[in-house]
Amino acid sequence: MDNVSVVRIFTLSGINETMNYRLTIFSFTLLYYCVILFVNISLITIIILDENLHEPMYILLCNFCINGLYGTIGFYPKFLLDLLSSSQEISYSGCLFQAFIMYSFACADLSILAVMAYDRYLAICRPLHYHSYMTKRRLSQLVCFSWFTPFCIFSISILLTSRLRLCGSNIQKLFCVNWVIVKLACPGTDTVSNSVISSATTFIYMSHGFFVVWTYIHLIKTSVRSKEDRVKFMQTCVPHLISLITFVVVLLFDLMYKRFGSTDLPQSLQNLIAIEFLLIPPVMNPLIYGFKLTKIRHRILGLVYIKGK
């Protein structure tokens with residue numbers, strides 16, 4: 001029993017500095033969360049109900065939006081409750097569960113982006129073999145890969161964290177983060193296993209990134225050869241590229257701040273940096289794809305036109 005945590009409640013102290021403006025922040029956060037729900041659910045519904053959109057690219061986009069909902073559900077409801085509460089506490093199991101959602105959401109996003117890059121590579125660089133490669137079975141396998149890989153990795157990571165004996169319960173953030181919980185471990189506690197799984201996770205998702213770079217090198221080489229390929233690239237790859245760049249920049253900015261950032265920054269600014277990946281991609285991704293992809297744009301405009309009549 002020596003390795004079992006005695007901490008049962010964590011305090012999320014990152015919210016303390018913003019308590020003077022909590023009603024204003026609550027109103028804007030609730031509105032923003034409603035926008036996230038609306039744009040993602042709308043796109044998911046359009047793709048599910050329109051059989052013309054039951055193609056690999058749109059099915060992957062649907063999973064992309066579902067993952068956006070999954071990640072934001074792990075943060076916004078609890079944050080909104082904390083804004084209305086006098087004490088910002090979370091149970092031990094709830095904290096581990098939230099940490100699992102945050103990490104698996106971010107990595108599932110990267111996995112789905114990698115699968116989408118593979119789909120675009122086949123469609124543009126191997127058009128004659130596209131339907132033989134991207135079968136329903138292959139698509140199902142790729143979707144399962146993009147979800148189950150981060151779920152399995154972070155199940156192991158959270159399980160290892162749950163075995164640590166903790167000597168602190170104060171988390172200076174708006175939400176639970178696995179590495180912060182690990183840092184609360186008592187002196188002398190063995191955290192080597194946590195470091196190993198963290199390094200393995202970094203390697204796996206860096207390889208995802210290198211794979212995406214490799215596919216885009218080939219996509220760009222192929223698209224410059226003909227006007228038709230350039231049009232296809234602009235219509236289907238540019239939204240993906242914007243989503244990818246946004247996600248990577250936001251994530252790298254957060255990681256670089258954690259590694260090299262100053263603790264002298266105001267807590268409110270630290271909070272903003274920490275939740276960027278929950279603010280920008282969940283809204284921007286469905287909007288970019290909704291306006292850029294021709295079939296979805298026509299479907300949305302059709303619905304607006306019908307309601308207008």
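How many bridges join strand β1 to β3? We'll get to that in the second view; everything here comes from a predicted model.

**View 1. Helices α2 and α6 side by side.** Here's the packing of α2, residues 56–73, against α6, residues 136–162. Angles under 35 degrees count as roughly parallel, so that is how α2 and α6 lie relative to each other. As for handedness, the crossing of these two helices is right-handed.

**View 2. Strand β1 paired with β3.** Back to the opening question: the count is 2 bridges between β1 (residues 9–12) and β3, and the two strands run parallel. Look for Leu12, which has Ile171 of β3 standing opposite.

**View 3. The whole open sheet.** Helix α4, residues 92–125, lies across β1, β2 and β3. Relative to β2, α4 runs at about 90 degrees.

**View 4. Side by side again, residue by residue: the α2 contact with α6.** From α2 come Pro56, Ile59, Leu60, Asn63, Ile66, Asn67 and Tyr70. They meet Leu139, Val143, Trp147 and Phe151 of α6. Sort the residues of this contact by type and you get 9 nonpolar, 2 polar and no charged.

Note on methods:
Residues numbered from 1 in each chain as written. Predicted model: local features only at pLDDT ≥ 70, side-chain atom pairs only at ≥ 80, totals over all residues. Heavy atoms only, no water. Axes fitted to C-alpha atoms, helices over the stretch in contact; angles between N-to-C directions. Helix = DSSP H or I, 4+ residues; strand = E, 2+ residues; numbered from the N terminus. Parallel < 35°, antiparallel > 145°, perpendicular 65-115°, else oblique. Left-handed = near helix turned anticlockwise from the far one by under 90°. Contact = heavy atoms within 4.5 Å. Nonpolar A, V, L, I, M, F, W, Y, C, P; charged D, E, K, R; others polar. Pairing = 2+ DSSP bridges.
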